[in-house]
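Here are my notes for anyone opening this one for the first time. Have the structure on screen and follow the points in order.

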Amino acid sequence: MLTKHTALALLAVGALSGFASPQESLVVQESDHRLAADHICFDTKPPAPQIILDDGVFTGIRKGDTDQFLGIPYAEPPINDLRLRQPKPLPPYGGKYDAQVMGKSCAQQKMTLPNGLDLKLVEELGIAVGRMVPFLAPEDEDCLTINVVKPSNIGPGSNLPVLVWFYGGGFENGWTAMYDGGLVVSRSIEIGEPIVFVSMNYRLSAFGFLAGKEAREAKIGNLGLQDQRLALKWVQTYISHFGGDPSKVTMWGESSGAMSVALQLVTNKGNQEDLYRGAIMHSGGQIPVGDIENGQQYYDFMVEKTGCKTAKNTLDCLRRAPFKTFKSAMDESPNFFAYQGVILAWLPRVDGVFLTEPPQHSILRGHVSNVPVITGNCDDDGSLFAVSTINISTTADLRGYLKTHLMPKAKDEEIDLLLKYYPDDQRAGCPFDTGLRNALSAQYKRTAALQGDFVFHAPRRFFLKHRGDKQNAWAYVYKRGKSTPFIGTAHGSDLPNAILGKGELMDYSIQFANNLNPNGDKGLGVPWPQWNSRDPKLIILQDSDLFPIVHGKDDYRTDPLNYVANMSLLYPI
Ligand SMILES: *[C@@H]1O[C@H](CO)[C@@H](O)[C@H](O)[C@H]1NC(C)=O
Ligand SMILES: *[C@@H]1O[C@H](CO)[C@@H](O)[C@H](O)[C@H]1NC(C)=O
């Protein structure tokens with residue numbers, strides 16, 4: 001199946017941005033979103049679809065049974081003095097807009113391959129690189145654009161549900177052009193549950209997630225999440241023109257996109273301001289992040305590398321730095337294949353504005369949007385990240401890693417207990433249920449289990465434990481692709497099923513957007529039992545021709561996951 005290729009889609013995404021030619025980093029200052037389209041003439045093709053928003057005429061493109069309006073700006077370009085500022089809404093549209101191609105991606109952080117990774121393994125894992133090339137989009141600091149894909153035959157008044165996609169990529173990479181919304185819209189027509197698809201670019205890495213006390217004081221933390229919020233508001237204003245119903249919006253994301261969705265659920269004390277009514281999270285929940293000053297060293301790093309150290313106002317200096325200078329400083333900062341692994345340099349953090357408390361505290365206080373959710377994990381979510389920490393070869397090394405990176409403030413006895421919950425036994429490690437196989441190094445499977453649980457599995461379980469009886473929730477674990485060497489059902493393995501191809505998760509998502517229940521109302525697909533704490537059921541998507549989807553219990557690694565969640569409450573990252 002696709003799994004082997006896509007398991008390393010993430011690696012590929014990373015590798016690609018690293019290998020991209022330097023010219024692609026050149027910022028294009030003038031916006032080319034507003035090209036007149038009236039010179040285009042069509043001979044045999046159907047006429048290009050048009051939409052009027054305010055006084056602006058947008059010319060889109062017809063593909064199959066969908067009309068696509070791509071690369072629509074939804075905020076003032078975040079360039080010049082608007083760099084490192086809250087996204088600024090646009091004045092009403094006017095004039096003609098070419099909306100036939102997706103906008104440029106936001107500046108991508110360069111990715112380096114994991115330290116000390118064997119080249120043969122890279123070959124094995126990196127098969128995806130070639131496949132991903134067509135998806136690579138040029139980047140630009142001016143990147144805040146949104147895309148809408150709708151069934152061709154619907155228009156204003158159709159009031160279709162809306163799925164809004166949040167891409168993943170570790171808050172450092174990701175772009176909308178990788179996801180062809182046409183696929184999900186076509187599928188929604190096929191199964192008689194049509195939807196409108198939306199995706200937006202949001203700022204990444206140091207542009208979107210600058211940390212430090214300076215960022216807090218200037219109220220510019222979590223800009224990437226603020227971009228997403230503004231895009232959700234854009235949907236409220238404009239989606240009815242496309243035939244979408246602004247009261248039927250479901251947020252939908254994978255990895256850091258799912259984490260973004262999860263954080264949208266807890267911002268504003270959980271008040272969703274009628275922006276959405278449901279959420280779907282593939283491999284990502286409320287990541288246990290702490291104070292924005294936990295990222296001070298990365299702010300200081302940017303200041304140092306851009307030559308801003310002696311500036312009176314370092315933030316102003318960062319704003320004035322040439323794009324290339326800023327970007328190359330950001331490229332030198334640790335990326336998600338750096339040794340620190342899942343403890344990413346650039347993360348959402350508690351900034352006092354978007355996040356006013358660690359997300360786990362929000363959940364305990366009930367500061368969560370009370371909307372139905374789908375939330376799931378790939379079984380081996382941690383394996384990709386542990387490839388970077390492959391040189392951890394003894395328990396002492398692992399202890400050192402935990403004390404330096406994962407939980408620097410934890411007490412020795414707490415780390416001891418953590419290591420007991422994650423024993424030095426290949427059979428208990430990740431990829432799970434693979435016996436003694438896949439031991440890339442002596443502590444690899446153990447480290448992978450710990451990293452994956454800390455950032456991916458425990459937040460999902462924690463959310464359900466505290467919210468699963470209060471709001472409707474459906475859970476899954478994806479186990480397909482288990483036999484992929486070393487990484488098993490790695491992080492990202494469910495992407496082909498959920499959005500890159502037409503799989504069961506896509507159907508469930510479409511039905512959820514329509515009915516607020518993944519089972520829909522037509523009895524399509526394997527019934528998915530709702531989660532509740534007395535009998536916490538989930539579905540397992542597994543490698544089996546006869547039983548590709550089975551019911552299971554959400555009770556794996558109960559104590560370890562509880563303990564990890566307890567630790568993340570005490571020591572958010
Ligand atoms: C593994 O390599 C990284 C990067 O070179 C280094 O920082 C780290 O200390 C090493 N860890 C061990 C346990 O040797
Ligand atoms: C986690 O914390 C809760 C509340 O303090 C406690 O009841 C529970 O035993 C802890 N779980 C583990 C595995 O330590």
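1. The angle here is about 135°, and the axes of α10 and α12 lie 9 Å apart. Keep in mind throughout that this is a predicted model.

2. To place that pair, look for α12 at residues 323-332 and α10 at 296-305. Helix α10 crosses α12 in the right-handed sense. On the α10 side the contact uses F301, M302 and K305, and these meet F326, A329, M330 and E332 of α12. Sorted by class, that contact has 5 nonpolar residues, 2 charged ones and no polar ones.

3. Next, the largest pocket. How much space lies in the largest pocket? About 400 Å³. Its lining is made of 18 residues, and those closest to the centre are N294, I343, H405, P408 and I573. If you want a quick way to find the pocket on screen, pick out those five residues.

4. Which helix gives the most to that lining? The answer is α15, with 3 residues. Helix α15 covers 395-406, and both α15 and α10 supply at least two residues each to the lining of the largest pocket. The lining as a whole splits into 10 nonpolar, 5 polar and 3 charged residues.

5. Staying with α15, have a look at how it packs on α17. The two axes come within 11 Å and cross at roughly 25°. That angle is under 35 degrees, so α15 and α17 count as roughly parallel. The crossing of α15 and α17 is right-handed. From α15 the contact takes T395, L398, Y401, L402 and L406, while α17 brings R446, T447, L450, Q451 and F454. By class, the contact of α15 with α17 holds 6 nonpolar, 3 polar and 1 charged residues.

6. Which residues of α5 meet α19? They are L183, V184, R187 and S188, and their partners in α19 are M506, D507 and I510. The contact of α5 with α19 divides into 4 nonpolar, 1 polar and 2 charged residues.

7. Now the backbone. Please check the peptide bond from C430 to P431, which is cis in the model, with omega near 5°. To find P431, go to the loop between α16 (412-421) and α17 (444-467).

8. One more backbone spot: F171 has phi near 60°, a positive value in a residue that is not glycine. Where does F171 sit? Its place is in the loop between β7 (160-166) and α5.

Conventions: Residues are numbered from 1 along each chain as its sequence is written. Chains are lettered from A and ligands numbered from 1 in the order in which they are written. This is a predicted model: local features need pLDDT of at least 70, side-chain atom pairs count only at pLDDT 80 or more; totals for chains, interfaces and linings use all residues. Side-chain values use heavy atoms; hydrogens and water are left out. On a 1 Å grid over the protein atoms alone, a cavity is a set of points where a 1.4 Å probe fits but cannot get out, and a pocket is an open set with protein on both sides within 12 Å along at least five of seven lines; lining residues have an atom within 4 Å of a point. Grid points are joined across faces, edges and corners, and a volume is the space filled by probe spheres set on the points. Helices (H or I, at least four residues) and strands (E, at least two) are DSSP runs, numbered from the N terminus. Ala, Val, Leu, Ile, Met, Phe, Trp, Tyr, Cys and Pro count as nonpolar, Asp, Glu, Lys and Arg as charged, and the others, Gly among them, as polar. Contact means heavy atoms within 4.5 Å. Axes are lines fitted to C-alpha atoms, for helices over the stretch in contact, and angles run from 0 to 180 degrees between N-to-C directions. Angles under 35 degrees count as roughly parallel, over 145 as roughly antiparallel, 65 to 115 as roughly perpendicular and the rest as oblique. A crossing is left-handed if the near helix is turned anticlockwise from the far one by less than a right angle, and right-handed if clockwise.
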